[in-house]
Amino acid sequence: MDFARLWLGLLLSLVTALDFNYHHQEAMEAFLKSVAQNYSSLTQLHSIGKSVKGRNLWVLVVGRFPKEHRIGIPEFKYVANMHGDETVGRELLLHLIEHLVTNDGKDPEITNLIDGTRIHIMPSMNPDGFEAVRKPDCFYSNGRENYNLYDLNRNFPDAFEFNNISRQPETEAVMKWLKMETFVLSANLHGGALVASYPFDNGVPGKQNTQLKGLGSLSNPATGTLHSQSLTPDDDVFQHLAHTYASRNPNMKKGDHCKNNVNFPNGVTNGYSWYPLLGGMQDYNYVWAQCFEITLELSCCKYPREEKLPLFWNDNKASLIEYIKQVHLGVKGQVFDHNRIPLPNVIVEVQDRSHICPYKTNRFGEYYLLLLPGSYVINVTVPGHEPHLTKVVIPEKTQNFSALKKDILLPFQGQLDSIPVSNPSCPMSPFYRNLPSHSAATKPSLFLFLVTVLHIFFK
């Protein structure tokens, strides 16, 4: 019996062993299917849709309960290869999958992470583009766009400008996916630079306005746009997230490793400060999907040689793991009526950092708020009732792979049979552009524009 178990363990390791080569669609599918089959209690493989050419957009879910959401367990995702010629992230996510499933039960950090997190991994959002690359290049290859020649990272609705562009099948699939899951944290893996970039990617330049917190005369109070930046109400959290990843990557944290005259202090940048981007995926996640997403540029060369892949894995493994753990920042819980019935579609926001598209409880009455240690007031709003305020204190050291748990019991007289839905789905329109109070955003500097002009077109 012991020999049989040993042989089975060896067989499983051989099936899932992954080499450091580029894996085209057939090989990638074979690997994902072997993992799903051999770790069936730990994983679920499914396609969220198809590319223009009919290739599956595969997602592998890793977690103790991979097939369904469980109350209190946050949803995390990684997405790579939305530009088909930016290839490092695709391979890193395949190796991350192998690392997770083979270390469960062996490495306490990985085991605890899997116990408390549902991790969704999409190695390629643009499989048609990847397969279209015939001559890999460090700067640009055919295959960046999808089969219809659309840049998928310019294809989402935008909160600052109208983006009247034909929505592509890959984009539509991701948008539908975001509605199906309660994603809390995400990262989008790219190549062509070495930096962790955080929202906003876009902004609205305008006329001069009053000073913002005494820091300058050109500002946008609606978004915090100031001095060539476009900042979210959660800027402190986003800066923490970007630094968490960059600080553990030995080359990214240098800030100038690519030797292209662009310096990113500590390997971090605000997206708009780097250059404005219309229709990007990270802004869409934050505004419309209640999901904090940053963009990770992982290689100076978009499509490096295969022999360099082990170096990229060594540089990024610790960052990839530590970033997933950040989904447990802040506070989480459920909102109940006085009979302890969970309330969906209830607005749950932190005072002084409200979102333009309010964050709401999911169908289980759950909320997740990513917050750094400190004191906060949570404002729970139900149509037809007075706002309910709850003070929370996020400790310096959170519990083991869990945010602070804070259920909120609302003092309603009598059971609520239904909750009126206020603004059930925020319209896909440029909210910030239309705000009466909206004003000036300082445009990125001319120098920065000139030294990154090629990257603006080919990122």
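**Exercise 1.** How many of the eight residues of helix 9 (residues 281-288) are buried, and why can helix 9 be called largely enclosed by the rest of the structure?

*Solution.* Keep in mind that this is a predicted model.
- Step 1: Take buried to mean under 20% relative accessible area.
- Step 2: Go along the helix. The buried residues of helix 9 are Met281, Gln282, Asp283, Tyr284, Asn285, Tyr286, Val287 and Trp288.
- Step 3: Eight of the eight residues are buried, so helix 9 is largely enclosed by the rest of the structure.

**Exercise 2.** Find the order of the strands in the open sheet, and its edge strands.

*Solution.* 
- Step 1: The sheet has eight strands in the order 1-2-4-3-5-10-6-9, and their pairing is mixed.
- Step 2: Strand 1 (43-50) and strand 9 (268-270) each pair on one side only, which makes them the edge strands.
- Step 3: From one strand to the next, the twist averages 20 degrees.

**Exercise 3.** Describe how strand 5 and strand 10 are joined, then name helices that pack on the sheet.

*Solution.* 
- Step 1: Strand 5 (residues 183-190) and strand 10 (residues 292-299) run parallel, joined by six bridges.
- Step 2: Leu189 stands opposite Leu296 in strand 10.
- Step 3: Helix 6 (residues 169-180) packs on the sheet and touches strands 1, 2, 3, 4 and 5. The direction of helix 6 makes about 130 degrees with that of strand 1.
- Step 4: Helix 7 (residues 235-246) also packs on the sheet, touching strands 3, 5, 6, 9 and 10. The direction of helix 7 makes about 30 degrees with that of strand 10.

Note on methods:
Residues numbered from 1 in each chain as written. Predicted model: local features only at pLDDT ≥ 70, side-chain atom pairs only at ≥ 80, totals over all residues. Heavy atoms only, no water. Pairing = 2+ DSSP bridges. Helix = DSSP H or I, 4+ residues; strand = E, 2+ residues; numbered from the N terminus. Axes fitted to C-alpha atoms, helices over the stretch in contact; angles between N-to-C directions. Contact = heavy atoms within 4.5 Å. Buried < 20%, exposed > 50% of the residue type's maximum accessible area, 1.4 Å probe, protein only.
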